[in-house]
Amino acid sequence: MKKIEVIIEKQDGYFFARVEGKGNYMPNGYGPTPKDAINNLKEIILDYQVNEGKEDKFWKKIDIKAIEFELHYDMQAFFEEHDFLNITAIAKRSGINPALVRQYASGVKHPSAEQSRKLLGTIHQLGEQLQTISLYA
C-alpha cells in the first residue's frame with residue numbers, strides 16, 4: 001500500500017487536504033470536515049488519473065482504493081479537529097504562552113517550526129500517558 005503525506009489546513013471555515021511534490025500535479029481537496037476534504041482529494045486524484053494525468057509517472061501508479069494518507073495538520077486544523085483538548089493546558093505543558101497558542105488555534109498567527117515541535121512533543125507525551133491509564137469499574 002502506497003503511503004502519501006497529506007497536509008490538512010483550516011481556512012475560511014473549510015478544511016483543505018493537499019499533496020505536495022508528487023508527480024506533475026498538486027491535488028487539493030476541501031470540505032467542511034477533514035474526512036470530507038480527504039474524500040474530495042481522492043475524487044480529484046481519480047479525476048486527474050482518468051483525464052489529464054494518464055501519463056503522469058507518479059500518479060498513474062497510484063491505486064486510489066488502496067492509498068493510505070499520512071496526515072499532517074496545521075495548528076488551526078489540529079485544534080479544530082481535536083476540540084476536546086485543552087489548549088491552555090497543552091500550552092502550559094509546552095512552556096508556551098497560552099494566549100499565543102490560542103492565536104495559533106484560531107489561525108490569527110502561525111507557529112515557528114520550533115514552537116510546532118514543542119507542541120507536538122507535548123501532545124505525544126499526553127498520548128503516551130493516556131495509554132498507561134487503567135480504569136476501575
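## Salt bridges and ring pairs in a predicted chain

Lys118 and Glu114 form a salt bridge, their closest N and O atoms lying 3.9 Å apart; the term denotes a side-chain nitrogen of Lys or Arg within 4 Å of a carboxyl oxygen of Asp or Glu. Both residues belong to helix α5 (residues 113–131) and stand four residues apart, so about one helical turn separates Lys118 from Glu114. The model is a predicted one, in which local features need pLDDT of at least 70 and side-chain atom pairs count only at pLDDT 80 or more, while totals for chains, interfaces and linings use all residues. Residues are numbered from 1 along each chain as its sequence is written, and side-chain values use heavy atoms, with hydrogens and water left out.

**The chain as a whole**

The chain contains five helices and four strands; these are DSSP runs numbered from the N terminus, with at least four residues (H or I) for a helix and at least two (E) for a strand. Read from the N terminus, the order of elements is β-β-β-α-β-α-α-α-α. Along the principal axes, the C-alpha atoms fill a box of roughly 50 × 40 × 25 Å. Of the 137 residues, 33% count as buried. Here buried means under 20% relative accessible area, exposed means over 50%, and partly exposed lies in between (1.4 Å probe, protein chains only).

**Salt bridges**

In total, the structure holds five salt bridges. One of them joins the side chains of Lys3 and Glu68 at 3.7 Å, N to O. This pair links distant parts of the chain, since Lys3 is in strand β1 (residues 3–11) and Glu68 is in strand β4 (residues 68–73), 65 residues apart. Another salt bridge brings together the side chains of Arg18 and Glu20, at 2.0 Å from N to O. The table lists the relative accessible area of residues in these bridges.

| Residue | Relative accessible area | Class |
|---|---|---|
| Lys3 | 47% | partly exposed |
| Glu68 | 33% | partly exposed |
| Arg18 | 14% | buried |
| Glu20 | 43% | partly exposed |
| Lys118 | 34% | partly exposed |
| Glu114 | 47% | partly exposed |

Through salt bridges that share partners, Glu9, Arg18 and Glu20 are joined into one network.

**Aromatic pairs**

A pair of aromatic rings is described by the distance of the centres and the angle of the planes. Rings of Phe, Tyr and Trp (its six-membered ring) pair if their centres lie within 6.5 Å; planes under 30 degrees apart count as stacked, over 60 as edge-to-face and the rest as tilted. By this rule there are six aromatic pairs. The pair of Tyr25 and Tyr48 is stacked, because the ring centres are 3.9 Å apart and the planes stand at 10 degrees. Tyr25 lies in the loop between β2 (14–18) and β3 (28–31), whereas Tyr48 lies in helix α1 (residues 34–50), so the pair ties together parts that are 23 residues apart in sequence. Tyr25 is partly exposed at 23% relative accessibility, while Tyr48 is buried, with a relative accessible area of 7%. Ring pairs also link Tyr14, Phe16 and Tyr30 into a cluster.
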